[in-house]
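Biologist: Please show me how to read the features of a structure that is new to me.

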2 protein chains.
Amino acid sequence: MDLHVSNRRKLLDSLRHHFADSSRPSHGFVPLQGGEEQTRYCTDHIELFRQESYFAYLFGVHEPGFYGAIDISTGKSILFAPRLPADYAVWLGEIKPLSYFKESYMVDLVYYVDELKGTLENLFEEKEKNPLLFLLHGLNTDSNNYSKPAKFEGMENFEIDLTTLRPILTECRVLKSEQELAIIQYANDVSSEAHIQVMRNAKVGMKEHCSYTCICATGHNSSVLHYGHAAAPNDKILEDGDMALMDMGAEYSFYGSDITCSFPINGKFTKDQTIIYNAVLQARNNVISSMRPGVSWVNMHKLAEKTILEALNKEGIVQGNVEEMMAERVGAVFMPHGLGHLLGIDTHDPGGYAEGLERPTEPGLRSLRTVRELQKGMVITVEPGCYFIEALLKPASENPATAKFFNHEKLEKFKKFGGVRIESDVCVTADGCRNMTNCPRETWEIEAVMAGAPWPLKQ
Amino acid sequence: MDLHVSNRRKLLDSLRHHFADSSRPSHGFVPLQGGEEQTRYCTDHIELFRQESYFAYLFGVHEPGFYGAIDISTGKSILFAPRLPADYAVWLGEIKPLSYFKESYMVDLVYYVDELKGTLENLFEEKEKNPLLFLLHGLNTDSNNYSKPAKFEGMENFEIDLTTLRPILTECRVLKSEQELAIIQYANDVSSEAHIQVMRNAKVGMKEHCSYTCICATGHNSSVLHYGHAAAPNDKILEDGDMALMDMGAEYSFYGSDITCSFPINGKFTKDQTIIYNAVLQARNNVISSMRPGVSWVNMHKLAEKTILEALNKEGIVQGNVEEMMAERVGAVFMPHGLGHLLGIDTHDPGGYAEGLERPTEPGLRSLRTVRELQKGMVITVEPGCYFIEALLKPASENPATAKFFNHEKLEKFKKFGGVRIESDVCVTADGCRNMTNCPRETWEIEAVMAGAPWPLKQ
């Protein structure tokens, strides 16, 4: 819970710093509303509860129905717990006293949700003015949904500010503390090990299957970028000669990991598989060796694209001048998604488009979830990929501006190939970066591990 | 998909039968709206999609964003698929043609959702009148939520009937066909086997853990009726001497199973565990041997209560006249939940309170999810339990009307016991019932299976 205390302190520092630079009053509260349990349609089936991420960041509360507030002038943190009916004890377990939450969540004060309005009024020191509430409101640039500002009874008695909080709080989340990095590292360790176990146990004839919305694709399916949903539910049988693309990561204490491994189901890379896999691996390696504070993520994306196009060019799958291909956005035919995204309490952590940053309009680049310059403390996924997607290859081969770059005969061979993606979680350090993911990446490492060798390999 | 064709035919027969008996017009459409994908709060994290149950019953569609309609006069079934954007093919997979859905889901016609209004108007034969739409609307008596009637653009051009459909369609779901029973049987077979594997593998020192909202409780936690949620997340360590209570079931082709096994973590029942376990087992056996069409479920609940109280009385845990205890609702102190619920596409299948049935007000009985008489084709869970819940024992021991029934000294021993529940899925047949669940139930069977014996035991 220390971590969430630090997160609150970080927000307070940022807010006070912001107010020192502006003419806005520096008093008031930051009230946040935690998530509520959801039932499935009209039934009483309760969906697995996951706390709302901004609320989780500041308060670390696991249970539904809470509110939290931070008093900006005193720095005090307050939790508001739902008042549970007596028969909760029979159906759902012990009703915990407020003191339990005060201690567990390391906050200064705890009240019930129905005491929210009165508590804020009482705590507010400058009684002559209306208390000012800084609410969470703004666009999530990945989903295009808006955060839902806290809402409670008696709220109309307060003055509301909807613009200050979200960019400042989001910025706190963008740059990870050492404690946050330690948790993300743990989630990565567990997930890396899980990936290795999957590699070792995948056998021809099994089914993809997976109970969550992971992407576990084999063969042709691995070219479906967001495979693994109701209409494409990870249900293919693993076939000899297929590549597998496993995109999955564990979450621990709210913080996540996001890792992709690509490997041949039968344990041996073919020549063609080696070509595509190594093109993507080279892109990943080039990006990771170039990452450091100040570097533009758009340039990293282009570096990955260029590396892949050069490899395809060398094998004659594309042909011509790679700079010209880049200008015509041929890279986006093979890698239509962005190079990576911020990672934290959300898999796609917010803050990718801080105020003033515009989304590019070109193919590939417009799919970037961030266009920021790298900063120390960011955790970002590096996930170049190379896919053979009919819906993109066909129009590009027919377009007079790009047709000349494609070797149709060679491409035909890759029609059923699917795709390869390699994804690692990388933390930006003061003078470079640190790869937090520990999976076999070289083709020979993968083949050895799949054949039963321990990981890491013995020298 | 045959099964869903039969389900639609069953609804048509019921509707036509209903109209033959009434003065209402027998023409019009039954339009249903399928479920939509949900994102988590403001993020782009997509929750695992599960089709809405009424829609699943009639159409068996796995994908989100569909509508369906049935033409009552012609019997024709029509699906309306969402029109997907071109880049769906890149991110989410092949865009399937309408003919694919027509064939897969065995319907007569398929259009796009944006053609819904026009299609219904065109199909409607009696052009001089406004088409009448029978929408799904009404209360789910388990959740107290209302079904959401289908909503689509241009709906205001139709006349709406909100009262006819839901009770008739719900009644179709209450009485299972042979095909439905076969699927529920399969889900039961898989889940029974899973329960046995859990029994065999549970070891002192493990953690409860479970990724879904199952109830996997050990020791004292097994008295928390709906254990296994965000505030009580299946996280206790399995201790020597603890009982485990595992309430979980698989779903197959939308139809579910719901099974509870209770067993000692260390593989050997203590004397006290045997007493409580056998009280519950006897209640289950008495109920199952009494179940047949025409029997009142309220009476079955009382039979279970009485059996458990008699066993507790024999051991001196309660004392006095069992009939008097029943009258004072002492049974509900030990079994505060209802005896069981209808099971089908929903774990708590709807229809428990058909029109005209009132919920009882007495403790225990008021928790019944149905008070119906049993009918052939119903699948219902039989799940008696006996728990030691401080929040109920304390007030009952202090209440002058009930205090005399409790032996406080003996009860003290059971304070940390938790509880036992045994749950089987039972199908009502023409002259009795059939237990669909195949798990070891006798204490010696459980001990043998936990020691490694194959199930079923060899004679």
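Predicted model: local features only at pLDDT ≥ 70, side-chain atom pairs only at ≥ 80, totals over all residues.

Modeller: Residues are numbered from 1 along each chain as its sequence is written, chains are lettered from A in the order in which they are written, and side-chain values use heavy atoms, without hydrogens and water.

Biologist: How many residues does the contact take from chain A and from chain B?

Modeller: Contact means heavy atoms within 4.5 Å. Here chain A gives 53 residues and chain B gives 53 residues.

Biologist: Which salt bridges are found across the interface?

Modeller: A salt bridge is a side-chain nitrogen of Lys or Arg within 4 Å of a carboxyl oxygen of Asp or Glu. The rule finds two between chain A and chain B. Asp44(A) and Arg369(B) form a salt bridge through their side chains, at 2.8 Å from N to O.

Biologist: Which residues of helix H5 of chain B are buried?

Modeller: Helices (H or I, at least four residues) and strands (E, at least two) are DSSP runs, numbered from the N terminus. Buried means under 20% relative accessible area (1.4 Å probe, protein chains only). In H5 of chain B, residues 116-123, the buried ones are Leu116(B), Thr119(B) and Leu120(B). They line one face of H5(B), because their directions from the helix axis to the C-beta atoms fall within an arc of 95 degrees.

Biologist: What covers the buried residues of H5(B)?

Modeller: The cover includes strands of chain B, among them E1 (29-33) and E2 (67-71).

Terms used:
Buried < 20%, exposed > 50% of the residue type's maximum accessible area, 1.4 Å probe, protein only.
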